[in-house]
Every structure is written in structure tokens, then in C-alpha cells.
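Thanks for coming. I have one chain to go through, and I will take the terms as they come up.

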Amino acid sequence: MVENAVEVRLTSATSQPQQAEVVILGGGAIGVSIAWALASKGVKNIVVIERGEFGSGSSAKPLGGVRANFSDPANIMLGKRSLETFRNFKHQFGTDIGLRSVGYLFLARTEEEAAGLSSATKVQNDMGIESRNISPAECAQLNPYLDASALVSGAFSPEDGYARPARVVEGFVKAAQQLGVTFLNNTEALNAEVGPDGVEAIETNRGTIRTQTAICATGAWSKRVGQIFGVDLPVEPVRRLVGFTPQRAKPHPTVPFTLDLGTTFYFHNSANGLLLGISHDQEPGFCREFSYDWTNELNAAAGMVAPELQHQEIVSGWAGLYENTPDHNAIIGRSDQISNLFYATGFSGHGFLQSPAVGELVADMYLGRESFMDPTPFSASRFSSTANASAAKELHII
């Protein structure tokens, strides 16, 4: 089944409260995960505002991948922690998220890419991740569409896979509502009142909410939202498109979520069809209109690693937004300028898959508790000067 929106219309409050302890801006996977994490840790009077429907922004149109197969230890930790939640999601939240643990398979076609995969696998193994480097022949055994002669090596993490983002959003929202969280759809933050002690109120199209804390989780729209607080959140929206092949009478062979580092070509099963994509060159912007002008690039890339998948019929697809930062790592933390403003955004394509861990991390930051990891590597302050520049460099980016 192709899913590109929340299938069950989630219940929204009919009126906006006049005050809240915490206002979360953004009702995608990150925002609703934070809401549930805060509420589950005892925080009361939480309001989540979403300009559209819950999960209708970038969370509506991701690839659905869930993984700990990264090269940077901080991203590995977020992925690993989130996978634990995804595996237990149905038991914990009562929602089937359609998790398919088919594994992730990264492909290297140069010695330099192979060395990067080998180095990343060692870091992952040291952190308890079950991943391994494999030969071209083993890559083709796992995925019969691959041309082994085009490959130098691969890296396979069998516990990774993909899930249905809308179901994750739904599960978090319903669980948070049971704990008293107020969710407001069709509610846009228009302005903010910021005084000497920080954020005092959020003005929306419904009126004003006075609050003790604001959390920005608005994804690709975060730079705009940051401006209402007078804070620079260096997030740039970039359109990404995916296509779907026809549903066949019999399914394709089950393959891992497969990604070629050099071409950025990727694919995985989608019911009895395939999801195909590539990180094609796009000008920054908020356009989410689907088109076919990227398919020549898609076919050229497929021809390099999976010739059989060249010139596949694309019967449907969607366009979504990546929320890119300058170094393609997330920004998570507390504002240096406004002490009661937090942010969790700029995930550069990894927001859905890291959302459960990010919710926990932000909740612990808000409560002043030690968390499962140090959030410092994700602070926005790393962009303020060369001296604070992030040393992290994530290689497993598509």
C-alpha cells in the first residue's frame, strides 16, 4: 500500500487554550513524539499547534526508513534508541506501524566509499549495532536486482528497515491525548511575545496562548518560525521526489532498503510494487508539486547499479521536503538567546526515523535530567563560528 498522508483523521481540540506550560510548534513526527515524551514524564498543560493536519508536512512524505546505520556516533545513538521504540510500538501504543525489518544495504562503487562503509561499520559494531561489510556477490544475493560487477562492497544492517510514518504520528498523538495533551490542527504561529525572561506568548490565527516554554519542531519551515522569536535556525527546504511502480499480481522479491552512495539511487518494496528514488539536484524552496522531470537522472543511476530497474513505469509518486542544515545534521537544543525556547529540527531526511529518541532527549533537556546521550553535538551554536563548527560528518546521507 502506498501511504502519503495520515489515513485516520486525528481528533483536534475545538478551541485554543489561553495558556499552557509548553507550546510545541509543529505536529509532525518530531513534535508529537516530544509531546508524548513530556506528558509521559509528568509534564502537564501541553499544547501542540499544527498549521495543517497532523503529520501532513514532511512526515507525510518520507521514505519511511528506520535505521541505526549511520557513520556519526550521535546519529547512530538516535537511530538505535528509536529502533527500540519502533520494534515495541504496537505493544506500547496499540498501533501497528507496518514495520518491515528487511535491513538496510548501502552500496559502494569506489574504494573511497568502501573505506567509509568499513569505518562506519566498525563504529556501529562498537556501539552494539548488528551490521557487517559484505562483498559484491553477497550484495547481489540479498538484492537480486543489483549488478555485482559494478560494486566494490556493501554494508548491511539486518535489524533496520522501514515503517509507516502516518501510523507512528497517529500512535503518538492518541497516546499523548490520553495523557491530557491538547492538539490543535489548522493553527499557525504568526508571532511571538518575547520579554526579558524569554518567550511569554504565541500568537496564532486562533488568538494568543501565554506560555512558559516554546519548542520549535516545524521541520522545513523552521527558519521562518525561528524568525518570529528573533532566532536563526539554519534550515533550508529542498524538494525530494519518489516514484512507485505498478502493483503486480505477484510481489517483487523482498529486498533490503538499498541505497547507492555514489548515485544516491535507492529503492525498496512497496506492497507488490517498488518505491524508487534519487537525491536529485533541486533548488531550495517549498515546492511540493510532483513531476517527472527527474526520471532521466533516476534511470541513469539505476543503470549503474540495478540495470533491470531502468525505465520502470512510474504510476504514482509524491514530492516532499528535506529540512537541510549546512552540515546535514539535526539541530536539537535550547536557544542561547532565549532560555525557554527549545528546538528540534533540521534533520536533513532523518527526522521520522529519529523521532522517538528525539522526543525523549528534548523532554529530558526540558526537565533538566541527564538523558541517554549528550545533545551538545546537535546544538545550533555549532554554526555560530568556525571555532564551534561541528566535527561530526555524516556520510550515510541520501
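First, the term helix or strand: these are DSSP runs, H or I of at least four residues for helices and E of at least two for strands, numbered from the N terminus. This is a predicted model, so to speak of a local feature I need pLDDT of at least 70, and side-chain atom pairs count only at pLDDT 80 or more, while totals for chains, interfaces and linings use all residues. Residues are numbered from 1 along each chain as its sequence is written, and side-chain values use heavy atoms, with hydrogens and water left out.

On that basis the chain has 9 helices and 18 strands. Its C-alpha atoms fill a box of roughly 65 × 50 × 40 Å along the principal axes. The radius of gyration, taken over C-alpha atoms, is compared with a globule rule of 2.2 Å times the number of residues to the power 0.38. For 398 residues a compact globule would come near 21 Å, and the chain has 21 Å, which agrees.

Next, burial. Buried is under 20% relative accessible area, exposed is over 50%, and partly exposed is in between, with a 1.4 Å probe and protein chains only. Buried residues are 58% of the 398. Contact is heavy atoms within 4.5 Å. Of the contacts between residues at least 6 apart in sequence, 74% join residues at least 24 apart.

Which residues of α2 are buried? They are Ala74, Asn75, Ile76, Leu78, Gly79, Ser82, Leu83, Thr85 and Phe86. These pack against several elements, including β3 (65-66), α4 (111-126), α6 (165-178) and α9 (351-367).

Two loop residues are worth a slide. Ala271 sits in the loop between β14 (266-270) and β15 (273-277), and has a positive phi of about 55 degrees although it is not a glycine. At 40% relative accessibility, Ala271 is partly exposed. Ser348, in the loop between β18 (341-345) and α9, also has a positive phi, near 55 degrees, in a residue other than glycine. Is Ser348 buried or exposed? Ser348 is buried, with a relative accessible area of 1%.

Last, Ser371, in the segment after α9. Ser371 counts as buried because its relative accessibility is 19%. Beyond neighbours within four places in sequence, Ser371 is in contact with Glu360, Leu361 and Asp364.
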